Structure formats: structure tokens, C-alpha cells
Amino acid sequence: MRGSVQLSWGFASHRGHVRAANEDAVVCAPPVFAVADGMGGHAGGSIASNVVATSLERLAERADLTAQDILDALTEADEHLRACGDAEPNLNGMGTTVTGVAIVGEGAVEHWLVFNVGDSRVYRFVDHSLEQLTVDHSEVDELIRAGAIDAAGAAKYPRRHVITRSMGAYLPAEVDHWLTPPIVGERLVASSDGLFTELTDERIEALLETAVNAQAAADALVAAALDSGGHDNVSVVVIDVLGVDDEFPDDPNGVDEDTSPRSSLP
């Protein structure tokens, strides 16, 4: 069934105006697209993000890719990072976020698998409207969801950059993952937090609206983040769905489809 979804994509990445190095890693290895934002200093952060990226890149061109393959690759990378931290004291505590999408065969037709660990994000832009698909794993986002602070309070929260989940670090990663059908005309964006800490959702939406293709969108988003301050590394992958050959009929043997972060696998 592979090949029923036609895609185009583009990416851009920059270290920003403040950071000495770019610890982000970008994956554009169809049918897998992802961004990993490394933590733990230049050496550790770069190692962590690239370990996760390499693990996902090994799945490129797989004709039988499943959601479980993605989860297994992330688990393998997570275990490798923690083992490296145990073996090398200077790497202890290194970690990375990861977020992305992949076309996988689940049920009767192909689906997007959306996955996330940390505060990097996946957005969907369709019908002139932007939607954040992932949920940030961060202290400030948990407080917002609990109703303890509002958006204005979040902007001033002193620990707003502290994340509550990561790949590597000290605890096994818990990966949010779920399935959703591809939609012709939708534009998906995977980004590190260097994008949305600089740009409002309204600005991101406007740039996605006017970009003529996926590469132009990625370039415009990164350029705008740099113009707005560029205080962090910023990396963006944009994927456009150009066509879907299959219909999506109701299938009692298929999978549950929604856009709520949760496990959608047995």
C-alpha cells in the first residue's frame, strides 16, 4: 500500500543569534520526518539529537513501515543515550526532545503517525487554520492545562523552558503517539521550540498561508524566527500532502483515528 500518499517537503535549520552551536537535528527521510532538540551542552546535546535522528533515518524507504517500528526505533535510541550517559560522566544527563510524523501502514489504509517527547511541536495547517497537534511536555504547559496560570503568566514563568519528558536523560522516555489520516492540501510542520518561542501562532499561520511550497514555508518560518530575536536554535520541517490515492472508508478492522495525544496502538 506504500506510495498512496504523495508528499513534498522542505526544511531549514539555524543556530540562531545567541547560541554558539546548533544542537538540533533534522530528519527528512521519507516516510519519516522529525526534529530533535538536544540538551546538555554542545557536546551532549548534539550527540543526543543526532543519535535519535540516526535511529529514525534507518527507517527511510521502508515499504512496510508500521507505528511500532517508529516506537521501537525511539526506544532503542533512548536506551542507547542513557547507556552512554552511564558510561561517560561528561555525558550523564544529556537528552533531547523529538517530534515528528511518519506515513505508516495501520488498518486498511496508510496514516500519519504523530509522535512527540518534550516541547518540540507538530502543527497542522489546513483550510486556512493552524492547529497544534502535539502537547508540550513542560512545566509551564502542565500548569496551563491545570488552570494554575494563563498565557500571560506563562510568558513570565521563570521555569517555562523546563521540560518534563525527554529522550535520554535519566528516565525511560514515554512517547506520545497517535494516528490520523492524511488530508489532501494539509501542511504539517515539525519544529523545535526556537520557532514558537519567537513567533505567535497567528504569525506562523500567516507565513504558512502565503508560502508557495514546503521549502518556501520552512525558509520563511526560520527567517521570521531569526528576525524576531533568534534566541535559540530553530529547526523546521514542512510537509505538504499533495495527493491521497486511497479513500478512507469506515473499516471495522481499521484503527481509531483522532488527534488527541495518546497511545493508539493495542
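Begin with the residues that line the second largest pocket: eight are nonpolar, five polar and two charged. In this classification Ala, Val, Leu, Ile, Met, Phe, Trp, Tyr, Cys and Pro are nonpolar, Asp, Glu, Lys and Arg are charged, and the others, Gly among them, are polar. Select Thr 164, Arg 165, Ser 166, Ala 169 and Tyr 170, which lie nearest the centre of this pocket among its 15 lining residues. A pocket here is an open set of points on a 1 Å grid over the protein atoms alone, where a 1.4 Å probe fits, with protein on both sides within 12 Å along at least five of seven lines; lining residues have an atom within 4 Å of a point. The space in the second largest pocket amounts to about 250 Å³, a volume being the space filled by probe spheres set on the points, which are joined across faces, edges and corners.

The model is predicted: local features require pLDDT of at least 70 and side-chain atom pairs pLDDT 80 or more, whereas totals for chains, interfaces and linings use all residues. Residues are numbered from 1 along each chain as its sequence is written, and side-chain values use heavy atoms, with hydrogens and water left out.

Next, select Glu 174, in the loop between strand S8 (167-168) and strand S9 (176-180). Strands (E, at least two residues) and helices (H or I, at least four) are DSSP runs numbered from the N terminus. Beyond its neighbours within four places in sequence, Glu 174 contacts Asn 116, Val 117 and Arg 165, where contact means heavy atoms within 4.5 Å. Its C-alpha atom is separated by 9.9 Å from that of Leu 71, 103 residues apart along the chain.

Now display the open sheet of five strands, ordered S1-S11-S10-S6-S7 with antiparallel pairing; two strands pair if DSSP finds at least two bridges between them. Strand S1 (5-14) and strand S7 (129-132) are at the edges with a single partner strand each, so one side of each lacks a neighbour in the sheet. Neighbouring strands are turned by 20° against each other on average, direction ignored. Axes are lines fitted to C-alpha atoms, for helices over the stretch in contact, and angles run from 0 to 180 degrees between N-to-C directions.

Zoom in on strand S6 (residues 121-126), joined to S7 by four bridges. Arg 124 has Glu 131 as its bridge partner, and Val 126 stands opposite Ser 129. Two residues lie between the strands of this hairpin, where Asp 127 takes a positive phi near 55° although Asp 127 is not a glycine.

Move to Pro 31, in the loop between strand S2 (24-29) and strand S3 (32-39). A cis peptide bond joins Pro 30 to Pro 31, with omega about 10°.

Finally, colour by pLDDT, the predictor's confidence in each residue from 0 to 100. The chain has a mean of 87, with 81% of its residues at 70 or more. Residues 247-260 are below 50, and residues 262-266 stay under 50.
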